[in-house]
Structures are given as C-alpha cells and as structure tokens.
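Hello,

Here is the structure I promised to pass on. My notes follow below it.

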Amino acid sequence: MPVSDRRTNDAHEAEVARLREAYAALPPGTPVRLAKRTSNLFRFRDASKSSEKNQAATAARGGLDVSAFGHVLRVDPGTRTARVGGMTTYEDLCDATLPYQLMPLVVPQLKTITLGGAVTGLGIESTSFRNGLPHESVTEMEILTGDGRVVRATDDNEHAELFRGFPNSYGTLGYSLSLTIELEPVRPFVHIRHFPFGTAEACMDAVAQIADEGSYRGHRADFLDGTAFAPDELYLTVGAFSDVAPWRSDYTGQQIYYQSIRRDKEDFLTIRDYLWRWDTDWFWCSRPFGVQKPLVRKLWPRRYRRSDVYRKLVALDRRYGLSSVVSARRRLPQREAVIQDVEIPVERGAEFLRFFAANVGMSPVWMCPLRLRGRRAWPLYPLKPGEVYVNFGFWGTVPLPAGQADGYHNRLVEDEVSRLDGHKSLYSTSFYAEEEFYRRYNGEAYRALKRAYDGEGRLLGLYEKCVRGR
Ligand SMILES: Cc1cc2nc3c(=O)[nH]c(=O)nc-3n(C[C@H](O)[C@H](O)[C@H](O)COP(=O)(O)OP(=O)(O)OC[C@H]3O[C@@H](n4cnc5c(N)ncnc54)[C@H](O)[C@@H]3O)c2cc1C
C-alpha cells in the first residue's frame, strides 16, 4: 500500500475510533442524529419540535459530528473502485473520479446527496435502467451499528443480512462510515437527444423498448430519463457517451436545462455538466424563487444557483411558515406540498400519469426508468428483479380542495401507488398506517435486523422516523 494511502487509512481509523467513543458517550435516551451540513430529506420535523433552540440542544446532545467522513479515501483506476467516506457528497466524489475518466455507476443529480444517504435512502438517475440503484455497486460497507459496534458488511460475510437490509433503512440500523464502490469508464462528452411523444402510452412503450435494446432510433442509450410537461407532451432524453462535441451547451448560466428539452432536438454537454444538469435549477423547482426570470437570474450569483441553496430557502419557509401566512392573508386556498418519488411498473406508467394529471395536476413530472442490476431483491425495498419500473418525481405544492386537510393529495398518491403495484421512496412525507407500512416495507426482515444490530432501540425505528417524522 502506498504511504499516502496508509496515512489516509490511519487517519480514517482514528476518526472511526473517535466517533465510536462519542456515540458511546451520548446520554441514554437522547435522540441520535447526524450533525451534517446538508440534507436532501423532505420530511421536516414538526416546527414546534424543531425550533432552532431545540435543534441546537439536539446537536449538543445527540448530534454526531461526522464531518471526518466526508471525503474520498482512495480511487483505484486499476480495479475501477473507490473507497469513500459515508458522508461524501456526490459532487466531491465525482470531482475525485472524473480525472481518471471514471464515475460511480449511478450519480444522483443533486450535488449534495451523499453516498451514504443515497445508499440508505435509495438514489436514482439516468443510468438506473442499466445499472440499477446506487447500493447495487457497493461491495463493502463499514457501519457504526445502533448497538455501538463498527462492522464490515459485505454481500457474503457474517453481516450479509445487514448489507442487504441497509438500503431503505434511513439510518435506523446504523450509519455507513465508509463504502467501497465500483466505478465505470466515461467519455468526455454526452450527446443527448430529446424525443417527443404525444401520449403516455407511446412514451412508456419506448421506455420498455430502450430498456430491452439499449438504444432508440439508432442513438445509443448510455443514459435515459424523461420529462412529462402534459399528458400529451412528454419527452425521453437519451444520452450517449461521446469523444467529440460539435458544440457544448452550458446550463449553469442564463440558459435553463429543462426548458431546452422542449426547444432542442439534440445537445452536447461535458460529462460533468451532464451529471449536474438538473442541479442548477433543482430540476425546475427554482421557479418559485424567481431565478428563472432573466433579470433575477442575472443578479442571482452563479454560486447560489444550486439545489442545496434552494432547499435551505424552503427549510426556512417551512420553519417560519411564511408562505402559509401570505396565502391566508390573501385568502388563497392553503396549499399542500406534494414532494415524492414513486416507482411504477412500466406497463402501468401511463395509468399513473393519467391519475396524476386528473388528481394532482402538477407539471412537469420527471420520469426515470430503472431496473435492478442484480438478480436478487433487496429486502426493505422489494423491487422485482428483471422488471422495468419508471420513477416519477414531482416536487411542488398544489391548492387543497375546500374542506380537505393537509395530506389529502399525498394519501391519494399512496393509494394509487399501491393499486398499481408500485413503491414509494421515504425521503418525504408518508401517511401509511403502521401495519400497512411494515407490510409494504418488509417489517419482518426489518425487525430481525433491528434486534440484531440495535437491540436496545438506540436509534429510531423506520416507521417513527419516516412516517411519524420524529
Ligand atoms: C426534491 C427532491 C428530489 C429528489 N430527487 C432525487 C433524485 O432525483 N435522485 C435521487 O437519487 N434522489 C433524489 N432525492 C432523494 C435523496 O437521494 C434521498 O433523500 C437521500 O437519502 C438524500 O441523501 P443525503 O445524503 O442528502 O442524506 P440526508 O438527507 O442527510 O439523510 C437522509 C437519511 O439518510 C440517513 N443517512 C444519511 N447519511 C447516512 C449514512 N452515511 N449512513 C446511514 N444513514 C444515513 C439520515 O439519517 C436520514 O434519515 C430527492 C430528494 C428530494 C428532496
């Protein structure tokens, strides 16, 4: 092992020992939380429970300082692998791998999503139709378990059950401190083509075809995602690695990526700009901040055109309830946040889009096809191996019908997802009753893991965390 690698390893080991001691020293009964700079969760804790004062107290009591686990430990171009701290953002991870012309097999498109967060909370992106989900390219995880041990979990050692049960456990079994992941080679550019569809059925048929054939109308599909602007206006964006680029677009300046989909038939981006094409405008969610208006955009500093900045603004709004006050003053209907990602089998995707247009009516909707990379299912998020799903992502607010309370649209979505044999990610609000929740997310396997790795319940349970929002 080179000397620099040994030093990095020694420093990492020292930090693991320090964190283990800090964890053991937390007074019993105090809630345990990660003291992290960024988050992409959209389950804000109840405002009364999470006032600034309370948060500061929580940080002082249960907040674990994990900043030492926020960098890449090693990139090995020979084996095309990397060993990475669990709290490393994908932005830093890609900055470390791209100089070797390598990237993680799935790169979630928000820059501050961390590798540990994407593995425990199920990230997804436009390589997911061929590479599955981020946890499927992890070969080893070092985990601080709820009962205070640090274990090395792989698919075939004595902690294999934990390894397989970690995805979708949201930090309720333990925290990953380092992960070893596979990488894949990249080319300098991505040549994208936007294909329009006039019906959801035609669009879903094309998704199934591309997942089978790996190309569309002669264009190789290294990447695939889509955008539905209306039931009769949908686009699939198919990307192919390229060594050349006759031109290069830049969507970090005045141009806005999602708007280009409707306008242009094809485009070229550097691989780095492709990976972060959605981050500058948080898909399209920068709209309420005015950043898409030319004048505001010119004045808004470029370094603040990032998803984490917008998310902080939303968090502030939620904490102080500013937009609710404005709506009430103007006698506008109260609005419900409907921020979800759901996975629906491709053959029922058109049905979901029709339901969504009729009952929620938010636009655009992001579409990201996926298929598990491996042949085995993962216990806590039981997608069927071999089956093509489409992840529909929608992030915004809609007015509540008169007489309906908050949760109305989200419940409709949950019911429809169940009816269509789909799955719902748990990073945002959920309303399932406990029994149904554990039926959908394999309560039996989860409880066995909880007993084995957090027997005294030092960490929250999955239902308390994801549904009760504690
Ligand atoms: C608007 C929106 C759009 C989204 N779109 C996408 C998308 O397109 N693609 C995509 O991939 N994802 C998307 N996500 C979901 C995102 O990937 C998950 O929320 C992910 O868990 C966030 O990771 P994070 O690193 O920011 O973790 P955090 O938000 O900090 O934490 C998420 C959860 O994971 C736990 N956790 C964090 N780090 C670790 C660790 N090292 N070990 C164990 N547990 C840990 C935390 O305790 C917490 O429960 C979206 C989320 C939002 C809000």
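**What turned up**

Helix H13 is followed by glycine 361, whose phi is positive, near 75 degrees. Helices here are DSSP runs of H or I with at least four residues, strands are runs of E with at least two, and both are numbered from the N terminus. H13 itself covers residues 349–359, and its buried residues are Gly349, Ala350, Phe352, Leu353, Phe355 and Phe356. Buried means under 20% relative accessible area, exposed means over 50%, and partly exposed is in between (1.4 Å probe, protein chains only).

Two notes on the source. The model is predicted, so to read it: local features need pLDDT of at least 70, side-chain atom pairs count only at pLDDT 80 or more, and totals for chains, interfaces and linings use all residues. Residues are numbered from 1 along each chain as its sequence is written, and side-chain values use heavy atoms, with hydrogens and water left out.

**Overall fold**

The protein has 17 helices and 18 strands. Its radius of gyration is 22 Å, close to the 23 Å from the globule rule for 470 residues, so the protein is as compact as a globular protein of that length. That radius is taken over C-alpha atoms, and the rule is 2.2 Å times the number of residues to the power 0.38. Along the principal axes, the C-alpha atoms fill a box of roughly 60 × 60 × 45 Å. Of the 470 residues, 55% count as buried. Among contacts (heavy atoms within 4.5 Å) between residues at least 6 apart in sequence, 73% join residues at least 24 apart.

**The ligand**

The ligand is surrounded by 31 residues, and the closest are Lys36, Ser39, Gln109, Thr114 and Ile124. The shell divides into 15 nonpolar, 14 polar and two charged residues. Nonpolar covers Ala, Val, Leu, Ile, Met, Phe, Trp, Tyr, Cys and Pro; charged covers Asp, Glu, Lys and Arg; the others, Gly among them, are polar. H4 (115–121) and strand S8 (174–185) each supply at least two shell residues. The largest share, four residues, comes from H4.

Which atoms lie by the ligand's oxygens? A polar side-chain atom of threonine 114 is 2.5 Å from one oxygen atom of the ligand. A backbone N or O atom of glycine 117 lies 2.9 Å from an oxygen atom of the ligand. For tyrosine 170, a backbone N or O atom lies 3.2 Å from a ligand oxygen. Taken alone the ligand exposes 950 Å², and the protein buries 96% of that. Areas come from the Shrake-Rupley method with a 1.4 Å probe; for residues, only the protein chains shown count as cover.

**Buried loop residues**

Threonine 88 sits in the loop between strand S4 (81–85) and helix H3 (90–97). Its relative accessible area is 0%, so threonine 88 is buried. The threonine 88 side chain reaches the backbone nitrogen of histidine 71 at 3.1 Å. A polar atom of that side chain lies 2.7 Å from the backbone oxygen of glycine 85. Contacts of threonine 88 beyond four places in sequence include Ile113 and Thr114.

Histidine 135 is in the loop between H5 (128–131) and S6 (138–145). Histidine 135 is buried, at 3% relative accessible area. Leaving aside neighbours within four places in sequence, histidine 135 is in contact with Val119, Leu122, Pro167 and Trp378.

Best regards

Definitions and conventions. A residue is near a molecule or strand if one of its heavy atoms lies within 4 Å of it. A polar contact is a pair of N or O atoms within 3.5 Å; within protein, one must be able to donate a hydrogen and the other to accept it, and residues adjacent in sequence count only if both atoms are side-chain atoms.
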